[in-house]
Amino acid sequence: MQNLIVIYDKDIRDKGRDSYIKAIKKQIPDAVVADIGELPDCSASKMLVLKPMIEEEYEVFKTFLTFNPDHDIEGAASGKLTITAEAILWTIYSEQGNDLKGKTVVIINQSDVLGRPLAKELIDLGASVISLNSSYPCLDNLLTMTDVDVLVSASGQDDFELDRELTRMIDVKIDLSNDLEDPIKITTVPTIEILKERLEK
């Protein structure tokens, strides 16, 4: 297994990121978790840079990883399918089967770690994809007027909620930000398993 350095900004609180770091520490005990202000030597390690982070700081790491793709375990900077997107895809496959042609997927997230790479991969697999962010003004209408097979919601917004009536007819609901009032939903995806698999390559 290759060395892993997880880089984050400890001054910015984020419940989801902190849970992810806790799981990494538990399941990959050799991983080094470092604040952006206290970085160890990263020259021989795979790097996982976690948001939230000041955008200028993140761009420095992203630029480094773009020019050093062997260090980019996540895949966002080097243009590979990201760990998060792959974990969601695994989850969709386990619920829907491997043939996604003709399926309609709504993604409420347009980040370069989740929304964009997931949308591209699903399109390449033949799915119809609707990519939005949480500020889209007609989301209620879209969900009631469209036959949606899969909903992936990871808004990252504390005040964003979708009423149960809007999602109850959707077969697969993946909610990574506690956005859905619907109790029938998937709230975890196998990111750690994929991270470990990538470290072993």
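This short talk walks through the sheets, cores and salt bridges of one predicted model.

Some ground rules. The model is predicted, so local features need pLDDT of at least 70 and side-chain atom pairs count only at pLDDT 80 or more, while totals for chains, interfaces and linings use all residues. Residues are numbered from 1 along each chain as its sequence is written, and side-chain values use heavy atoms, with hydrogens and water left out.

Helices and strands here are DSSP runs, numbered from the N terminus: H or I of at least four residues for helices, E of at least two for strands. Strands pair if DSSP finds at least two bridges between them.

Start with the open sheet of 3 strands. Its order is β2-β1-β3, with parallel pairing. The edges are β2 (32-35) and β3 (46-49); each has a single partner strand, so one side of each has no neighbour in the sheet. From one strand to the next, the twist averages 25 degrees. Angles run from 0 to 180 degrees between N-to-C directions, with axes as lines fitted to C-alpha atoms, for helices over the stretch in contact. β1 and β2 share 4 bridges. Val-6 has Val-33 in β2 as its bridge partner. Helix α2 (residues 55-67) lies across β1 and β3, at about 150 degrees to β3.

Now the other open sheet.

What about the interior? A nonpolar core is a set of buried Ala, Val, Leu, Ile, Met, Phe, Trp, Tyr and Cys residues joined through side-chain atoms within 4.5 Å. Buried means under 20% relative accessible area, exposed over 50%, partly exposed in between, using a 1.4 Å probe and protein chains only. The largest core has 36 residues; Leu-4, Ile-24, Leu-48, Leu-118, Leu-122 and Leu-195 touch the most other members. Which element gives the most to this core? It is α3, with 6 residues. Leu-4 has contacts (heavy atoms within 4.5 Å) that include Ile-24, Leu-48 and Leu-195. Apart from this core lies another, of 13 residues, among them Leu-132 and Leu-166.

Thr-167 sits in helix α6 (residues 164-167). Thr-167 counts as buried, at 0% relative accessibility. Its side chain makes a polar contact of 3.1 Å with that of Asp-182. A polar contact is a pair of N or O atoms within 3.5 Å; within protein, one must be able to donate a hydrogen and the other to accept it, and residues adjacent in sequence count only if both atoms are side-chain atoms.

Last, charges. The whole structure has 9 salt bridges, each a side-chain nitrogen of Lys or Arg within 4 Å of a carboxyl oxygen of Asp or Glu. Asp-112 and Lys-62 meet at 3.1 Å. Asp-112 is in the loop between β4 and α4 and Lys-62 is in helix α2, so the pair ties together parts 50 residues apart in sequence. Asp-175 and Lys-185 meet at 2.9 Å. Asp-175 is buried, at 2%; Lys-185 is partly exposed, at 23%.

Notes: Lists of a residue's contacts leave out its neighbours within four places in sequence.
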